[in-house]
Amino acid sequence: MKDYEVIVVGGGHAGIEASLACARIGHSTLLITQKIEQIGYMSCNPAIGGLAKGHLVREIDALGGEMAKATDETGIQFKQLNITKGPAVRSSRAQVDRHAYRLRMKKAVESQKNLLIKQATVEEILVKNHSVVGVKTDEDETILTKTLILAPGTFLNGLVHIGLEHFPSGRMGDPPSISLSESLKRLGFRMGRLKTGTTPRLDGNSIDFSGLTPQYGDDPPVPFSFSTEKIQTEQVPCYITYTNLTTHEIIKSGLDRSPLFCGVIKGIGPRYCPSIEDKVVRFADKKRHQIFLEPEGKDTNEIYPNGISTSLPLDIQIRMLRSIQGLEKVEIIRPGYAIEYDFVDPTELNPSLETKKIKGLFHAGQINGTSGYEEAAAQGLMAGINASLYIRGESPLILKRSDAYIGVLIDDLVTKGTSEPYRMFTSRAEYRLHLREDNADLRLREMGYRVGLVKEEDYRKFLEKKMAIEKTLLKISEFKLTPSRENNETLHRWGCTPLKKDASLFELLKRPEIHFEHLVHFDPILKELKREVREQVEIQVKYDGYIKRQMDLIERAQKLEEVNFPKDFDFSSVMGLSTEVREKLTKIRPISLGQASRISGVTPAAISILMINLKKQGYL
């Protein structure tokens, strides 16, 4: 049997990005998945992006990942969220054709040089001298490797619940991975149990859309990928409906058979994406809950009712749905269900996503306690990059909290851990004015090119864009307007106060009433610039002062990040620290003072003690 430099376990969003990254960088890679036809399958909502999640997708793209490109090619409704708010919290979301997306990702993996796919179930991780050496499959086959990336999604000891019935399953219709979970336990990893759920799938032919409110996407749709010029696919609407008091009474009548309320489910569910039964109980004062009826694709009648995830018994699901406007005669194609699964405490990981216990073993996705396709893909990409760097004997690529939302995601996981499915939010990022969706390429493209994932053509286009932005900023700084009668009349028409002295176009653009398009009146050549250049210039000018202040904060915080602990630093011997702080530092083993300062319970006083200790030992 051939040996591989990298083995990736799992063909979901994390496994795809991990395997493509390793193969594209140039390493022989084997992707092992239980069902080849399910590579890229979207187990829950057929959508990519959303608040903060859209940031992750654009960062994945900037680094050379695949998710944004696949979304642009298969998206059937694109929408910019929070467009009336500041650029820091604007996010992209796209409804995609589930079947087309899966085939698109499957094709990307199958056609990738250096990447082989194998259909099997990994049952055991093989370790020698605290380093991973291979895996054993359900076919009793041993495959050797230098690095192993685990991205098993919800398959670790998965258990599906519909009402009080439950059965082992990785997701509906697929077997769970029980032996792999046991292998991780034998290796001494701290394991936990989480829960997630999905909605019933509906037959669109049985829905009356005539009285429902259509929800259209943006026109024209804005692509996710920095490489996509234009969205080519036909766009379709979604529809909005609502639960009502009758719906809520039906739900309450089934709570005595709900696995969630009967204590059958032990795993902790996602706080920010609760089931409909959880919503009805927790928000008893609400008279209705919004439901988005989202098409699963252009060539199917299947509808995803976003907003009513449930594990209630099937008879209650049917009655509940038929009490909702437009769904009075609805037929269920597949019932909603909850799934419990094992995860590994992410504080077992280094910031590179390599495990602390076993060298060459990386974890990505829901095994780390996260929820969502985008969070999984981001971790998969970083695990793939760092597995490649590990093979080459190079230092890992660690994105800081000031570099990317991906950096925030990973730092939160490895520093704080999680007791519930982790979901990314803009509020988690303290430098969100800097970490915007629109500048993800300016922040990360260079890194993606350096590790070998960004193609030459894409990198050349990026450099051209970067240069165009710099030239335009310089040009509008040097272009002076005089307080002439003609200029002031023009400004008056735009609702602006007149000029009293000479002012540059840069200064003019800072005014809230003025947008980049207005500058074209004074310099028609500016009209020739691409949309993304105009947008970037306007944001950088309007938020110039705020951005500078944030960059100052980042610079000050960076001083702590640059103070690294030696690999063998003995936290337990540091005098003056409380027992609790010593235990937390010993458990998590932060790589820097900055990371140590973010551990819950580690006080500023403790950081000062650590700094003094490092100075005494000659590390500062």
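In this predicted model, a polar atom of the Asp403 side chain sits 2.9 Å from the backbone nitrogen of Lys400. Asp403 itself is found in the loop that runs between helix H9 (373-391) and helix H10 (405-416). As for its surroundings, once neighbours within four places in sequence are set aside, Asp403 touches Ile398, Leu435, Arg443, Leu444 and Met447.

Turning to the strands, an open sheet is built from 4 of them, in the order S11-S10-S19-S12, with antiparallel pairing. Strand S11 (165-168) and strand S12 (191-198) take the edge positions; each has a single partner strand, so one side of each has no neighbour in the sheet. From one strand to the next, the twist averages 25 degrees. For S12, pairing with strand S19 (residues 337-344) is antiparallel and runs over 8 bridges. Within this pair, Leu194 has Tyr341 of S19 as its bridge partner. In general, strands of a sheet pair through backbone hydrogen bonds, in either a parallel or an antiparallel fashion.

Cys238 is buried, with a relative accessible area of 2%, whereas Cys44 counts as partly exposed at 24% relative accessibility.

Technical notes
Residues are numbered from 1 along each chain as its sequence is written. This is a predicted model: local features need pLDDT of at least 70, side-chain atom pairs count only at pLDDT 80 or more; totals for chains, interfaces and linings use all residues. Side-chain values use heavy atoms; hydrogens and water are left out. Helices (H or I, at least four residues) and strands (E, at least two) are DSSP runs, numbered from the N terminus. A polar contact is a pair of N or O atoms within 3.5 Å; within protein, one must be able to donate a hydrogen and the other to accept it, and residues adjacent in sequence count only if both atoms are side-chain atoms. Contact means heavy atoms within 4.5 Å. Two strands pair if DSSP finds at least two bridges between them. Axes are lines fitted to C-alpha atoms, for helices over the stretch in contact, and angles run from 0 to 180 degrees between N-to-C directions. Buried means under 20% relative accessible area, exposed over 50%, partly exposed in between (1.4 Å probe, protein chains only).
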